[in-house]
There are 2 protein chains.
Amino acid sequence: MYQGSASRVTILAHLFGILSLILILVWLLHYQGGLEYDSNDANRVFNVHPFLMFFGFIFMAGEGMMAFNTVEAERKVRKFIHMTFHLIAICLGIVGIKAVFKFHDMMNNSPDVYSLHSWIGISTFTLFCLQWLIGFASFMFPQASVQTRARILPWHVSGGRALLYMAICAAVTGLMEKATFLQLQHNHQTRVINFTGLFILLFGLFVDLSIALARYRF
Amino acid sequence: MYQGSASRVTILAHLFGILSLILILVWLLHYQGGLEYDSNDANRVFNVHPFLMFFGFIFMAGEGMMAFNTVEAERKVRKFIHMTFHLIAICLGIVGIKAVFKFHDMMNNSPDVYSLHSWIGISTFTLFCLQWLIGFASFMFPQASVQTRARILPWHVSGGRALLYMAICAAVTGLMEKATFLQLQHNHQTRVINFTGLFILLFGLFVDLSIALARYRF
């Protein structure tokens with residue numbers, strides 16, 4: 001079922017995910033003063049947002065998408081792992097989104113949800129939760145009939161892939177917004193941010209390719 | 001070959017493409033003072049960039065991707081149209097990229113190619129040209145053997161879809177960079193920019209879905 005090229009693509013997806021994670025930590029810890037949700041320093045509160053939206057949301061969701069095919073276990077176990085990864089992504093995503101609202105409150109109530117990044121991000125997160133609920137009700141509990149599951153599956157897979165790309169767009173617009181806001185030009189920090197963005201984009205492309213090469217059963 | 005749902009998806013793709021085009025023109029003509037390559041006003045020169053990178057590059061490439069399946073004609077004619085759309089995309093893309101370098105020169109040589117947007121954009125454009133050249137040499141002239149074409153086709157299709165997403169990421173990061181740079185918050189112009197970004201993203205998702213639903217022959 002799972003062929004050689006698919007597993008090589010999956011390894012590359014993991015690699016780009018881990019590289020993105022390392023670079024985002026270098027950026028936040030070395031250049032941006034660290035991250036802490038309960039800090040009095042508004043910037044440290046803000047920094048929880050990019051970390052959790054990538055590691056908590058995008059990375060977990062991407063790994064969860066691939067887990068359905070990469071984990072060697074009974075079908076039921078793989079479904080459960082797939083569902084759990086996405087549930088973790090939702091929980092950590094909520095904390096990540098709360099962090100940026102908290103940051104805006106700390107910065108004398110600077111306005112919320114005006115940028116393209118926030119519009120793409122909030123649309124993605126809302127549709128992601130909806131996709132999880134429909135997936136849970138169709139494939140987990142109460143499990144739908146075989147015919148219904150077969151009819152829903154292609155939409156579940158296509159919807160998941162579309163949401164992955166939306167999440168990647170949210171991530172790169174977020175990095176772009178922050179970098180422009182910081183008025184960075186040619187310097188080390190910009191390069192760290194840009195490589196983070198490129199690796200997140202490559203993570204998305206390789207997760208998608210890994211999914212495309214896999215075969216699905218419900 | 002081309003089924004009902006595929007053609008409905010294609011119509012939606014055209015629709016989102018045209019909506020993006022209208023909104024980008026509203027933005028550039030109404031809020032940003034118009035566009036002109038040979039202007040003495042640096043902002044009018046800059047405005048050629050977003051217009052041509054969307055209408056000239058992304059829209060043409062997306063329509064070219066779908067044309068292989070939507071145009072009702074002999075296979076050779078469809079291949080020729082597909083190739084020509086992408087060639088137009090490359091030519092207009094070059095003018096669009098030149099416009100932003102010219103703008104930087106006019107703005108007292110402000111630095112080039114430092115932002116995530118420029119990194120994603122230039123990577124996308126370079127790989128797009130490479131993809132076009134490989135496609136031309138494999139499928140057009142000198143046409144490769146049937147076996148080689150059959151081997152290259154899945155890579156050509158997957159590569160094209162990946163490049164489409166890279167181009168969408170370039171577009172949304174570009175809009176995000178410009179909006180942050182203009183320090184827009186809650187106002188009409190922001191909403192026009194955000195809806196442009198969302199419609200470009202939807203154009204990408206629906207072009208991709210249209211391609212996914214189609215069947216390929218080389």
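Trainee: Which residue lies over the face of A:F68?

Mentor: This is a predicted model, where local features need pLDDT of at least 70 and side-chain atom pairs count only at pLDDT 80 or more. Side-chain values use heavy atoms, without hydrogens and water. A charge sits over a ring if NZ of Lys or CZ of Arg is within 6 Å of the ring centre and within 35 degrees of the ring normal. At 5.4 Å from the centre of the A:F68 ring, the residue is A:R78.

Trainee: Which residue lies over the face of B:F46?

Mentor: Here the distance from the ring centre is 3.9 Å. The residue is B:K178.

Trainee: How are the rings of B:F57 and B:F128 arranged, stacked or edge-to-face?

Mentor: Rings of Phe, Tyr and Trp (its six-membered ring) pair if their centres lie within 6.5 Å; planes under 30 degrees apart count as stacked, over 60 as edge-to-face and the rest as tilted. The centres of B:F57 and B:F128 are 4.7 Å apart. Their planes stand at 65°, so the pair is edge-to-face.

Trainee: What about the rings of B:W132 and B:F136, stacked or edge-to-face?

Mentor: Their centres lie 5.1 Å apart. Their planes are at 15°, so this pair is stacked.

Trainee: Is B:W132 buried or exposed?

Mentor: Buried means under 20% relative accessible area, exposed over 50%, partly exposed in between (1.4 Å probe, protein chains only). B:W132 has a relative accessible area of 17%. Therefore B:W132 is buried.

Trainee: What is the relative accessible area of B:F136?

Mentor: B:F136 is partly exposed. Its relative accessible area is 26%.

Notes
Residues numbered from 1 in each chain as written. Chains lettered and ligands numbered in written order.
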